[in-house]
Structures are given as C-alpha cells and as structure tokens.
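Here is a friendly walk through a two-chain model, for reading alongside the coordinates. Please have the viewer open as you go.

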2 protein chains.
Amino acid sequence: MTNSSDYVPPKVWTWDKGGAASPVTSHNRPVAGATHVKELPVGRHPLQLYSLGTPNGQKVTILLEELLELGYAGAEYDAWLIRINEGGQFGTGFVDVNPNSKIPALVDRSDAETIRVFESGAILMYLAEKFGAFLPQEASQRAECLSWLFWQMGSAPYLGGGFGHFYAYAPVKIKYAIDRFTMETKRLLDVLDRRLADNTFVVGTEYTIADMAIWPWYGGLIQGRLYDATEFLSVRDYQHVRRWADTIGERSAVIRGRIVNRTSGELSEQLHERHSATDFDLMTQDKRPARGE
Amino acid sequence: MTNSSDYVPPKVWTWDKGGAASPVTSHNRPVAGATHVKELPVGRHPLQLYSLGTPNGQKVTILLEELLELGYAGAEYDAWLIRINEGGQFGTGFVDVNPNSKIPALVDRSDAETIRVFESGAILMYLAEKFGAFLPQEASQRAECLSWLFWQMGSAPYLGGGFGHFYAYAPVKIKYAIDRFTMETKRLLDVLDRRLADNTFVVGTEYTIADMAIWPWYGGLIQGRLYDATEFLSVRDYQHVRRWADTIGERSAVIRGRIVNRTSGELSEQLHERHSATDFDLMTQDKRPARGE
C-alpha cells in the first residue's frame, strides 16, 4: 500500500489490472459495454424486472408490491435475479436495457412498444406516473416529493459508494476517506431526522415514492441492515428516522418487497426470483432455488 | 497524516473539529440546520433562484434561459448568489427553502401558494412539468429522459464528491481513492460516449432536461472546465461526448445560463446575479458587482 502522503498521480491515468493487488474488484472497469452474449429471460407479466435485493433494488420491489396491494393488476411483475458479483450486469441483454450496467432495470411490455427504464429513481417515477399512485398531484406536495426523491438519489452515493465502501468494504482503512463520508452520512441522517420530527412521512402526511426511495438506505442504516454501523454512526441520535423506519418496515408490501431478489441475510428473507404473489406463501426456512439454477 | 494501512476506526465516530489539521473544510459539518439568522432576498419575478454557478447551479439557469428563449414569460427569474464558501447555505432563510443546505434552491411565487423545490434534478423536473417543455410526453421517450436524468443525479457524486474531490481538492493524494473514482468516471464517460455515438442528444433526436443535467458535469470534464483533468482522463477518447458538448455549448441559452451566479473563471464569464434579460447585455470585461455588495 502506498503511503498516502507520498503519492503523486501520473499525467495520464491508466488501468492497472493488477489482480489481487488491484484496489477494486474484478467487476469494476473503466469502460462500458457488454462482456459476453446473454439474453435476458422474459416471463408472462407486463413488467419484467432485472434486479438484486440491494437497497436500490428494494425500492422498486417495494413500490411494485405496494401497487399490487392497492389492486393495480397491471403492476404484476417477474423479478429476475442479476448476480452482480458474477458479472450478470455485463451480459448483452442487460446492457441493452441498462447501458450503465447497474441494477435495477425494468422492461415494460404492457403496450405495443416495449419500454426500458433504468436507474431506481427513474423507475419509481415511471411507475408512479403510469399508475397514478404514490406521487402527489397537488403542486407543492409534488414538488416536495420530487425534492426528497432526488435528495435520496444524489445522496445515496455518499452513503453507499462513499461511507459503505470506505468503512466496510475497502481493503484498507483510510482515515481521511472514512471521516469525510461519515461526516456527510451523519449530516444527511440529521437532515432526514429534522424533517421527520414534524412530519409522519417525508413529504408530509402522505406515503410516497420518496419514502420508498429513502427507506432502504436510511432505514437500512438505522435498523442495522447496512454496514454494521449502528454504533459507529450513533444511530440512536436519530429517533425520528427510527420511528419512521419502523413504521414503514411493518407494512406488508414492504416486508414482501424487501426480500425479492435478495441473496444475502437470513434464508427466510431471500426470495431469489418472484413470478407470482403466491411465491411469498411458498417460502420456507429453506432457501428457494431460483428458476433455472 | 496517518498511514492508511495503520488506521483502525473507533467504535463510535466523533467530530474532530481540528481546525487546519481537519481533513474537511470548516463548512462541512455532521449536523444539519441553520447556523445563523438570515432572510433571503426576494425580487420581482415569479421564480426566485438561490444558487451558485457550479455545475449543479448551471443546470437550472440553462433550463430557465432555454425556457425564456422559447418565449415562456413565466420563466422570468431572479438569480441570487449563495456564497457557499462563506456559509450562505446555512442561513435560516436558505435552510427553510432547502433543509439540505445545498445549492440550487428555487422558490416559485407564481401562484397563491409559495412552492419550494430543492435538488437540481427536482428543479429541472418541476420546471419542465410546469411549462411543458424539454420533457417528452411520449412514453418511451419520457422513460428514456427520466433514466438519463437520474443517471446523471446518481453518478455526479462519483465525478464531483469522488473524483473531483480526491484528484483536485483533498489535502493529500490518496492513490486508492483516486484510482477508484477515476475508474468510475472513465466508465461513466464511456457509457455516455456510446450513447451519443448513435444519438444526437441523450434521449435521441430531442434536446431535453437530461442533456441540461449532464452537460455541466460531463461537458465540463471534456471541455476542461472541471478539475484540470483532460489529460489525466484522456478525454480525447470520448469523441462523441465532445461533439455533443460542443454543440450544446454553442446554444445562446447555454452561453447565458452558464455564467449566471458564477464567481470563478474569466471575469467576462461571471454574472453574479441575474434579475433581467438585459443584465447580460450590460456585462463588460469588468466584473459586475452583485446587488447589495
């Protein structure tokens, strides 16, 4: 490991594919595009979701389950597992749906024209507009919903790619980077805590896609599902976030949406693929194999 | 500087307000909220923008100038300068508009109810919906616009808070962090380059808020306005981004929007505040003082 204070960047950065010594995993690359030919599976429902049960994936499955709970039959979906640790996001089929090679990605086959949507925030907006639900119509409430939705999208990289990476995943602990991203993560938690001190949900009294976007990340930190950092971050200081996170976490649609496409945690909380509402009923303590596995 | 490989994080993170030795500037804090009482100024137009001419600020002023260019008189705006290096984002008035204390923030006084919007992406969506412009109505084009808009919002923290910070601003050069964020920045540039190889604009043939969101960041990198990194990133490899960036950079609305609220660069490219279309005509080679300065 180079001592930080000695390092002088080169004139031109080049890719050091140094294998084990490389500071990044083998699936990080400085180029885009597919690495192999692989078609995506297609199920029988209008909506085809290609995802993984990370916080960004959970946002979408929570919204879909909420829509189904409200009775929107058009929200029926097949959720297919993309194993990002095995490079599933670099197959030709996936790259066609999301050229950025990140989960989640959605294909809507409801109408004659097949529509692709990528980025979790875009998928939430797309589905909320399509079904006319969980996105306020009244101007000021809608503006508030957009503001907090984008706040989540712009801040999650500091929580995940910043704090989570340097605190939990990086092969070496770098004090400067941990301090930088911890400070920002605590500030963001405090922004949310102050908001929720006076409001039941993020936008006000109405539960919206802003809550669904924020809950998997901030709720995950507070409830201890992410990075094992509750003590480090002193999450008990954020009591309003805790109250809100607990309330949302008890919703039946959230309980279902949280486990779709999950491959980590308790086996009872892993539903690798979802093709029908009855898939949840069939779950046992044993891990259910994904179709095709 | 602690040698990276020696560092063990504490059980509980605490704020080291170490002054000059602190790894972060004095304006970064682990808590939210206002630090001082200060009302925001209000001008005569329906839209009041509180911002700074950074890439995130430029997105909004570019859209407003494009709307005015199209003849939407309701898009007339007062653009007030928020000096983030002096803590302007922590005044009570600003925090009331954006509890996250980041520029840009917008107040819409067009109707009886005053509406606040924060986060650049939310402001773009809000204005595009309000005026019915630069956001496609057709379903697949709209989905594509949302996807790329959110792609920009989710990726900019890797360019700015990641690459820009560790390459250009951090007090010490940390190889691991520079490698991590450089690799991701080059990958993102390649994602965009491949998209623009086959499309005039990001969504296709139509110029949208997705272009306006992406241009200040990715165009800034390519055209050398950000971080002095054109050689380091080998930006000449991204010829399609270059073509697109140059095309957009020549639009008169973009030329105007790019300099509103700017306080850096050539003096001829700084219009600290904007209250009228004629403010641009009055610009000279001399720096124009902001009102109230």
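The text below looks at the interface between the chains and then at some backbone features. Please keep in mind that this is a predicted model.

**Where the chains meet**

Let us begin with the contact between the two chains. On the side of chain A, 79 residues are in contact with chain B, and chain B brings 79 residues to the contact with chain A. Size can also be put as an area: the size of an interface is often given as the accessible area lost when the parts come together. For chain A and chain B, the buried area comes to about 7400 Å², with 66% of it from carbon and sulfur atoms.

The rule finds 30 residue pairs in polar contact across the interface of chain A and chain B, both residues being at pLDDT 80 or more. Which parts of chain A each supply at least two residues of the side that touches chain B? They are β4 (115-118), α3 (120-131), α4 (139-169) and α5 (175-197) of chain A. The element that gives the most to this side is α4(A), with 19 residues. Sorted by class, the side of chain A that touches chain B holds 43 nonpolar, 15 polar and 21 charged residues.

As for salt bridges, the rule finds four across the interface of chain A and chain B. One of them joins Arg142(B) to Glu129(A), with the closest N and O atoms 2.8 Å apart.

**Backbone features to look at**

Most residues other than glycine have a negative phi, and most peptide bonds are trans.

| Residue | Phi | Relative accessibility |
|---|---|---|
| Ser101(A) | near 55° | 7% |
| Tyr227(A) | near 65° | 14% |

Ser101(A) sits in the loop between α2 and β3 of chain A, and Ser101(A) counts as buried because its relative accessibility is 7%, under the 20% cut-off. Tyr227(A) belongs to the loop between α6 (209-222) and α7 (239-249) of chain A; Tyr227(A) is buried too, with a relative accessible area of 14%.

Cis peptide bonds come next. The bond from Ile103(A) to Pro104(A) is cis, with omega near 0°, and Pro104(A) is found in the loop between α2 (92-97) and β3 (105-108) of chain A. In chain B, the bond from Ile103(B) to Pro104(B) is cis, with omega near 0°, and Pro104(B) lies in the loop between α2 (92-97) and β3 (105-108) of chain B.

Terms used
Residues numbered from 1 in each chain as written. Chains lettered and ligands numbered in written order. Predicted model: local features only at pLDDT ≥ 70, side-chain atom pairs only at ≥ 80, totals over all residues. Heavy atoms only, no water. Contact = heavy atoms within 4.5 Å. Buried area = accessible area lost by both parts, 1.4 Å probe. Salt bridge = Lys/Arg side-chain N within 4 Å of Asp/Glu carboxyl O. Polar contact = N/O pair within 3.5 Å; in protein donor to acceptor, adjacent residues only side chain to side chain. Helix = DSSP H or I, 4+ residues; strand = E, 2+ residues; numbered from the N terminus. Nonpolar A, V, L, I, M, F, W, Y, C, P; charged D, E, K, R; others polar. Buried < 20%, exposed > 50% of the residue type's maximum accessible area, 1.4 Å probe, protein only.
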